[in-house]
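Here are my notebook entries from a browse through one model. Have the structure open while you read along.

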Amino acid sequence: MPSVAAIVDTAFRLFVVAELTAKYIALCALVVGVMGYWVSGSNVRRSLRFQGMILGSCAALVAIFGLSAFYDLVAYVMGGSGFLPPGWPYGAVGASELLPIAHAVSGMLSFLGLACFSLGAALWAVGSPYGQTRTRGYHGVTYGLVMIGVSMGGTLFTVFASVFTAL
């Protein structure tokens, strides 16, 4: 059976690839939107389409950077302040056999959720208002937020369980 660190590392590598892909898609959409808006001239319909592409790609970039920074901040506050044991949550050794599995699943959910959110935000930004790309992007954002919420909820539950059992 692979170790907890190996499972979480695999999910982290997938997240890094997905996040970089989403950033490049959003940056390309921003460049295309700016160039298209500049070239559109007096055609109002084309101008509005490229304005939407600029706004959507900027929102995707802010969401990608913002969510990643927020998740890093929460992980630092919970793990870097000395309140929790070293290596928590993904390297902590527990007395139970299920605890490492729970930590691995939490780590995988967090990184896969960030990957789904990043790609979903980029696809949502470049999709047409009623197109399939935008719908898939919306679902990617939703699924990513759900996975991140479940991961954070499980992590917070283990913190509160350890605090209340120590009382």
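Is Met108 buried, partly exposed or exposed? I looked up its relative accessible area, which is 32%, so Met108 is partly exposed. My cut-offs are under 20% for buried and over 50% for exposed, with partly exposed in between (1.4 Å probe, protein chains only).

A note on ground rules: this is a predicted model, so local features need pLDDT of at least 70 and side-chain atom pairs count only at pLDDT 80 or more, while totals for chains, interfaces and linings use all residues. Residues are numbered from 1 along each chain as its sequence is written, and side-chain values use heavy atoms, with hydrogens and water left out.

**Entry: Met108.** I found Met108 in helix α3; helices here are DSSP runs (H or I, at least four residues), numbered from the N terminus. Setting aside neighbours within four places in sequence, Met108 contacts Ile7 and Ala11, where contact means heavy atoms within 4.5 Å. I also checked Leu14, which is 94 residues from Met108 along the chain; their C-alpha atoms are 9.8 Å apart.

**Entry: the core.** Next I looked up the largest nonpolar core, which has 20 residues. Such a core is a set of buried Ala, Val, Leu, Ile, Met, Phe, Trp, Tyr and Cys residues joined through side-chain atoms within 4.5 Å. Among the residues with the most contacts inside this core are Phe15, Leu67, Phe111 and Ile148. Helices α1 (4-39), α2 (44-79), α3 (98-126) and α4 (132-166) each supply at least two of the core residues. The largest share, 7 residues, comes from α3. I then followed Phe111, which touches Val8, Ala11, Phe12 and Phe15 once residues up to four places away in sequence are left out.

**Entry: Lys23.** Is this lysine, Lys23, buried or exposed? Lys23 has a relative accessible area of 19%, so Lys23 counts as buried. Lys23 sits in helix α1. Beyond four places in sequence, I see Lys23 in contact with Leu61, Ile64 and Phe65.

**Entry: Leu27.** Leu27 is also placed in helix α1. With 39% relative accessibility, Leu27 is partly exposed.

**Entry: Ser40.** I went to the loop between α1 and α2 and found Ser40 there. Ser40 has a relative accessible area of 7%, so Ser40 is buried. Which backbone oxygen does the side chain of Ser40 reach? The side chain of Ser40 reaches the backbone oxygen of Tyr37 at 3.0 Å. Leaving out neighbours within four places in sequence, I noted Arg46 and Ser47 as contacts of Ser40.

Conventions: Polar contact = N/O pair within 3.5 Å; in protein donor to acceptor, adjacent residues only side chain to side chain.
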